[in-house]
Structure formats: structure tokens, C-alpha cells
Amino acid sequence: LNAKAALFAIDKFFDDHQLRLPVMISGTITDQSGRTLTGQTTEAFYNSLRHARPLSFGLNCALGPDLLRPYVEEMARISETFVSVHANAGLPNAFGEYDLTPADMAVQVKEWTESGLVNIVGGCCGTTPDHIRCFAEVAKNYKPRTVNKEAIEIV
């Protein structure tokens with residue numbers, strides 16, 4: 001409901017200002033049950049917000065990139081638009097720090113891009129500019145996920 005309220009506010013702002021800008025939507029899978037913070041599956045999350053016709057739908061944070069993979073695959077299967085992933089550098093350790101190095105995470109980014117699952121890759125908790133540089137180096141070697149351009153409202 002918070003995301004729907006945010007999208008309503010965005011649309012109102014756009015209407016009030018005769019403006020349209022691209023909107024990206026991203027949700028968090030909180031644990032290995034595959035549910036978002038509100039208890040939705042990836043598919044339910046997507047279907048509850050797809051009416052907004054965002055530039056991209058994605059997943060972020062929560063699980064490390066290896067555990068996030070099946071949900072990224074699900075989003076890629078159902079999404080009519082670009083797919084984004086902003087994974088964290090693993091789960092926090094006992095000191096609240098993140099242990100996955102840029103090279104560790106690049107393995108997963110390579111697999112996502114090589115498999116054609118994503119269009120946008122970034123980082124979340126525990127990632128650094130070095131992580132992002134490494135992701136870019138890996139991703140440039142693969143074609144982005146194929147998207148039905150008519151489904152995207154590009155402004």
C-alpha cells in the first residue's frame with residue numbers, strides 16, 4: 001500500500017506540474033520465503049504495481065546476491081519492462097559489516113547478465129564504488145535483457 005500511495009503521489013505531482021519522468025520501482029525480498037516486506041511474492045508485488053508502467057521493476061537489498069537469484073529470475077520472467085537488481089554485499093556479519101567483495105559479487109552479476117535476466121545492476125547495503133565499477137566491467141560484456149518497448153512509457 002505504501003508503494004501504491006507513493007505512485008499515486010508521483011502521478012499527482014506529474015499532473016500538477018504537467019510533467020512526466022521515468023519511474024523505477026524496486027522491492028525487497030526479506031527472507032528465503034521469497035516474500036516482500038508486505039508478504040507478497042515477487043509476482044504479486046509486480047502485479048500490484050504494474051499499472052504504473054514504470055521504466056523498470058526490480059529487487060534490492062535483503063538477501064545476498066546468491067539467494068536473490070531465483071527472485072530475479074522470476075521478475076525477469078514476468079516483467080514487461082526493464083529489470084533492475086540492487087543487491088547488498090551479503091548479509092551483515094556479527095560486526096554489522098558486509099563480507100562480499102566486488103569480485104565475489106561479480107560472479108553473480110555475470111550470471112545474471114549472461115543469462116539475460118537484467119537491464120540495470122547496482123548495489124545496496126555494503127557495496128562501494130569499487131563494487132559498482134566491477135559490476136559495470138562484467139555487465140558490458142553481455143547484452144541486456146530483451147524488453148517489449150511498447151510496454152515502457154519512456155518520457
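Predicted model: local features only at pLDDT ≥ 70, side-chain atom pairs only at ≥ 80, totals over all residues.

**Salt bridges**

I began at glutamate 137, which is partly exposed with a relative accessible area of 47%. My scale: buried is under 20% relative accessible area, exposed is over 50%, and partly exposed is in between, with a 1.4 Å probe and protein chains only. Its partner is lysine 140, and the closest N and O atoms of this salt bridge are 3.2 Å apart. Lysine 140 counts as exposed, at 58% relative accessibility. By salt bridge I mean a side-chain nitrogen of Lys or Arg within 4 Å of a carboxyl oxygen of Asp or Glu.

Residues are numbered from 1 along each chain as its sequence is written, and side-chain values use heavy atoms, with hydrogens and water left out.

I ran the search over the whole structure and got eleven salt bridges. Aspartate 11 and arginine 20 make one of them, at 3.3 Å from N to O. Aspartate 11 is partly exposed at 39% relative accessibility, and arginine 20 is partly exposed at 33%.

I also looked up lysine 110 and glutamate 114, whose side chains meet in a salt bridge at 3.9 Å, N to O. They sit four residues apart in helix H4, so about one helical turn separates them. Lysine 110 has a relative accessible area of 38%, partly exposed; glutamate 114 is partly exposed too, at 48%. Helices (H or I, at least four residues) and strands (E, at least two) are DSSP runs, numbered from the N terminus.

**Core**

Next I checked the largest nonpolar core: it has 30 residues, and Val72 and Trp112 have the most contacts inside it. H1 (2-16), H2 (42-49), E2 (56-60), H3 (65-78), E3 (82-87), H4 (102-114) and H5 (129-139) each supply at least two of its residues. H3 gives the most, with six residues. Such a core is a set of buried Ala, Val, Leu, Ile, Met, Phe, Trp, Tyr and Cys residues joined through side-chain atoms within 4.5 Å.

What does valine 72 touch, not counting residues up to four places away in sequence? I get Leu59, Val85, Trp112, Leu117 and Val118, with contact meaning heavy atoms within 4.5 Å.

Alanine 87 is buried, at 2% relative accessibility.

Last, I looked at the largest pocket, which holds about 390 Å³ of space. Of its 20 lining residues, Ala3, Thr38, Gln40, Phe45 and Leu49 are the closest to the centre. A pocket here is an open set of points on a 1 Å grid over the protein atoms alone, where a 1.4 Å probe fits, with protein on both sides within 12 Å along at least five of seven lines; lining residues have an atom within 4 Å of a point. The volume is the space filled by probe spheres set on the points, which are joined across faces, edges and corners.

H1 gives the largest share of the lining, six residues.
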